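The structure is shown first, and the explanation follows.

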Amino acid sequence: MTEFRKVEPTSLNLYSAYFSLKISRDAYQKNLSLLSNGVLFGHSKNKIHNINIRRYEDWFSLDKEKPSVQWHYHTIGRGCGVALARYSEYTAVKDIIFSIISCWAKANYESNFFENSEQAWAGHTVALRLDFLIAAFLILDDNQRIKIADLISHHINYLLEDDNYDGNWNHGLDQSISLLKAAFVFNNKKAYKISVKRILENFQHSFDDEGVNNEQAVMYHNYNIERFSYAQRLLRFFDSDVSSFDSILNKARLFMLHALDPKGNYALLGDTILTNPVFEHGSQKIDYVTSRSQQGIFPEDKCKAVYTAGYVFGRSSWEARDVPSYYTLRFGPARIIHGHNDHTGITYFSQDEMVITDGGFDGYGADEYRAFFRSPQAHNVVFCPGEKKFLWDAHTQLVFSEQAEGFDVYTLYDKPYVGIKRVRVAMFDLVNDIFYVYDKICSDEEKEFCQNWCFSPSSLVNFNDRSVSINTSGKKFRLHLDVDYKVELFKGSQVYTSGKSVVVGGFTGSGHNHKEESYTLRSFKYGSSVSWRSFFSQDKFNTKRLDDNSFILEERIIYRVSDEGGRCSVEKQSLDKDVSYLAAFSNISYTDEYSQEGSGYVIYNRDKMRKNFFAINFNNVLCEIGGNCFFDIKVSPVDGDAPTYYYLSAVDGKRRFGLGMVVKDIEEMFSAKIPISPSSKVKVEFIIKSVSVVNCVEFPLEELCQ
């Protein structure tokens, strides 16, 4: 075991990233002084504190720490690896490193391999510790190498055992990489053969044909790109041909490009922290996005992508100066590894802000927050509060997909609970920065269902009537909702049952041991067949609901989702030609005084006791247009009271002024009746615009809900 291949100092960087750490001389000297006094370094961003290890017994204090803290220190290198960065400049480094390793080894022996620690001999910890031990071995003196040789040998033998192999994901990959380096350094042909075989098999399982990693988390997708790229460099250095990796890794980089929001942060999908990429990726296109168009190469790729692994991405532009809008949508196979129960979930980025956000991730502690952040309640989905058994292994299908300029439509379908079917139709118009979501639930029994919306921690949220106002860092947005039962808006909510804490909602996780209170809104409905329609836009735009199915933006674009006769129709309509002047040529039936002004009238009721009805027939207008039209009436008082409603012959019930409607397929008389109060004078303006369909798709829904 003490015979090993000599490694040239110029090649050390390939063996360990610790050798290439950039650190100033002053900072390095300070760190080295702390290490020599028994201080091992934590990770401030992950809220892992420094610890003091002066005697081997001090290692046992870790047994009571969180798994993430145990893992960090039992890798050894995470706590002291910085000492390798400038080791050649300071003779004391070897003794300091050897002392730390020896102290850990004695604690390991005295505690029967840290039998009370769940992390000391976990497969991933062993891999990263062996990685550091090899790096240290290469720079230690001969007598120091001899004393840690058996420890390294034990690690190699541990990783050679199939029962200790963690399998085809990043933990298994890290094990294989450490074993590969050890095999080369110590000329262990068996370890070399096994590690190469495992790396190649792992690669086949880790990425699909589209380059999507199997761990269901954007951050770990990035990690796997870095680690497989590193494995590829190692194998080439050891004279093995792995050019077969190139094509898939390039596809993986393209996926990662799409999985970055316009600020260059990871899309918060799965176990992912809110940050720019923290691992190497090897893509200048990614550099372009993360630098806000200041570095790298402009991506010529399409701005939208659908991946069969269960991801939809869309953005309005790759250019930061365009202030792009961006969305994600999740579907696909069951949750595994680092994935969440987020199927059908939406996130939305607008005006340089993540507004509708995923619940996020705050680490691997076996606590109520870990359970919450993986649950449907932490995502923008519909769930059933009364059902304890969420079918996390259910597959969510993308049953319809259409992408066009300003019109992206997707339909998702799954069975998240026994006897319950869930459909989500999502339409995005990134040109006008809106989305429209139609949710439908079909259940064997009447139950309570909840539509969940999560807002970023920087958002102030208020609910009023049927809409939500959102102020995110000074940018204002509005979310229109269906509300007919119950609504809850809250932050940071927990309940305690039998002494056990359960997170209700209102939290966003942004990284290891980092969580913030944030607004969550839940809209509840009860029944066996329930549905919601939700419409999002910038608040500066005049947006209103026309009818049960339609919303209008800025009096110029109508978005409509209808579910009738077992088929769903999604339309984007444009209000084109203003033909309001045609109101002047309509037939009027009124016994009192009126005068025509442009597209409207001034109407006077001289009767001091009774209201009169101003009636006007628009059939000639419809004939003139020859198609669908948008119709609305505005009123204002000149003298006395103004009416608050009117009647249309083609529509049942009263209509409110200023809401408008699309008139189509009218075969009988189409007329309006406006009540005028006694002794009142009112100005009435008719708004009539021709309507054309810009985009329209139709697909069956009936069989999904049978």
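In this predicted model, helix α8 passes helix α9 in a left-handed crossing. The residues that make this contact are G172, L173, S176, I177, L179, L180 and A183 on the side of α8, and A191, Y192, I194, S195, V196, R198, I199 and N202 on the side of α9. Sorted by class, the contact of α8 with α9 consists of 10 nonpolar, 4 polar and 1 charged residues.

Two packed helices are described by the angle between their axes and the distance between the axes. Helix α8 covers residues 170-185 and helix α9 covers residues 189-206; their axes are 8 Å apart and meet at an angle of about 150°. Angles over 145 degrees count as roughly antiparallel, and α8 and α9 are therefore roughly antiparallel to each other.

Helix α9 also packs against helix α10, which spans residues 218-237. Here the angle is about 145°, and the axes lie 12 Å apart. The crossing of α9 and α10 is again a left-handed one. From α9, the residues Y192, V196, I199, N202, F203 and S206 meet N224, F228, A231 and L235 of α10. By class, this contact of α9 with α10 holds 7 nonpolar, 3 polar and no charged residues.

Charged side chains in α9 can be considered next. What do the side chains of K197 and E201 form where they meet? The two side chains are joined in a salt bridge, with a distance of 2.8 Å from N to O. K197 and E201 are 4 residues apart in helix α9, which means that about one helical turn separates them. By the rule applied to this model, the count of salt bridges comes to 36.

Helix α6, residues 123-139, and helix α7, residues 142-160, pack at an angle of about 150°, and their axes are 10 Å apart. That angle makes α6 roughly antiparallel to α7. The crossing of α6 and α7 is left-handed. In α6 the contact involves G123, V126, A127, R129, L130, L133, F137, L138 and I139, and these meet R145, I148, L151, I152, H155, I156, Y158 and L159 in α7. The residues of the contact of α6 with α7 comprise 13 nonpolar, 2 polar and 2 charged.

A final region is taken from a database record. In an unreviewed entry, UniProt lists residues 336-468 as "domain: Heparinase II/III-like C-terminal". Over residues 336-468, the chain is 5% helix and 53% strand.

Terms used: Residues are numbered from 1 along each chain as its sequence is written. This is a predicted model: local features need pLDDT of at least 70, side-chain atom pairs count only at pLDDT 80 or more; totals for chains, interfaces and linings use all residues. Side-chain values use heavy atoms; hydrogens and water are left out. Axes are lines fitted to C-alpha atoms, for helices over the stretch in contact, and angles run from 0 to 180 degrees between N-to-C directions. Helices (H or I, at least four residues) and strands (E, at least two) are DSSP runs, numbered from the N terminus. Angles under 35 degrees count as roughly parallel, over 145 as roughly antiparallel, 65 to 115 as roughly perpendicular and the rest as oblique. A crossing is left-handed if the near helix is turned anticlockwise from the far one by less than a right angle, and right-handed if clockwise. Contact means heavy atoms within 4.5 Å. Ala, Val, Leu, Ile, Met, Phe, Trp, Tyr, Cys and Pro count as nonpolar, Asp, Glu, Lys and Arg as charged, and the others, Gly among them, as polar. UniProt positions are given in the numbering used here, feature names are shortened, and annotations may be inferred rather than shown by experiment. A salt bridge is a side-chain nitrogen of Lys or Arg within 4 Å of a carboxyl oxygen of Asp or Glu.
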